[in-house]
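Have a look at the fold first, and then we'll go through the packing.

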Amino acid sequence: MSSYDHTTDRYTKPAIFFHWVIFLLVALAYLAIEIRGPRGSDSRTFWTGVHFWAGTLVLGLSVLRVL
Ligand code: HEM
């Protein structure tokens with residue numbers, strides 16, 4: 001039996017959770033920049049805020065992930 005038979009045991013449940021939440025937040029941070037709209041608009045203010053919080057959460061969750 002090879003050591004690759006138990007692939008679902010290679011990462012803990014929290015590690016998998018953090019991985020996908022961080023993936024979605026990185027995607028959200030990128031999306032927010034893509035759709036933020038013209039300088040000075042309400043849309044830009046909102047999506048820049050979303051960008052900031054998504055990016056900040058990525059950093060925070062990444063630190064928690066490796067603790
Ligand atoms: C997952 C993390 C992040 C990703 C993938 C990301 C990605 C990007 C990208 C692609 C841009 C556009 C750059 C350009 O137009 O040349 C950008 C702009 C910017 N990002 Fe991030 N970023 C992240 C986190 C953050 C965080 C944590 C902050 C603030 C603390 C931040 C602040 C900014 C600012 C101020 C801009 C320029 C916005 C503007 O031109 O109005 N980013 N980011």
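This is a predicted model: local features need pLDDT of at least 70, side-chain atom pairs count only at pLDDT 80 or more; totals for chains, interfaces and linings use all residues.

Numbering starts from 1 along each chain, following the sequence as written.

**Fold.** The chain has two helices and zero strands; helices here are DSSP runs of H or I with at least four residues, strands are E runs of at least two, and both are numbered from the N terminus. Of the 67 residues in the chain, 3% are buried, where buried takes 20 or more other C-beta atoms within 10 Å of a residue's own, exposed 12 or fewer, and partly exposed anything in between, with C-beta atoms placed from the backbone.

**Helix packing.** The axes of H1 and H2 come within 8 Å and cross at roughly 160°; axes are lines fitted to C-alpha atoms over the stretch in contact, with angles from 0 to 180 degrees between N-to-C directions. That makes H1 roughly antiparallel to H2, a label for angles over 145 degrees. Residues of H1 including Phe18, Leu25 and Ile33 meet a set in H2 that includes Trp47, Ala54 and Leu61. By class, this contact of H1 with H2 has 18 nonpolar residues, three polar and one charged. Nonpolar covers Ala, Val, Leu, Ile, Met, Phe, Trp, Tyr, Cys and Pro; charged means Asp, Glu, Lys and Arg; the others, Gly among them, are polar.

**Two residues in H1.** Ala15 is found in helix H1, and Phe18 lies in helix H1 as well. Ala15 counts as exposed because it has 11 C-beta neighbours inside 10 Å, whereas Phe18, with 17, counts as partly exposed. Leaving aside neighbours within four places in sequence, Phe18 is in contact (C-beta atoms, placed from the backbone, within 7 Å) with Leu61, Leu64 and Arg65.

| Pair | Sequence separation | C-alpha to C-alpha distance |
|---|---|---|
| Ala15 and Val66 | 51 residues | 8.7 Å |
| Phe18 and Val66 | 48 residues | 9.9 Å |

**Ligand shell.** Around the ligand you'll find Val26, Ala29, Tyr30, Ile33, Thr48, His51, Phe52, Gly55, Thr56 and Val58. Helix H1 (13-35) and helix H2 (42-66) each supply at least two residues of that shell, and the largest share, six residues, comes from H2. The shell has six nonpolar, four polar and no charged residues.

Definitions and conventions
A residue is near a molecule or strand if its C-beta atom, placed from the backbone, lies within 6 Å of it. Angles under 35 degrees count as roughly parallel, over 145 as roughly antiparallel, 65 to 115 as roughly perpendicular and the rest as oblique. Two residues are in contact if their C-beta atoms, placed from the backbone, lie within 7 Å.
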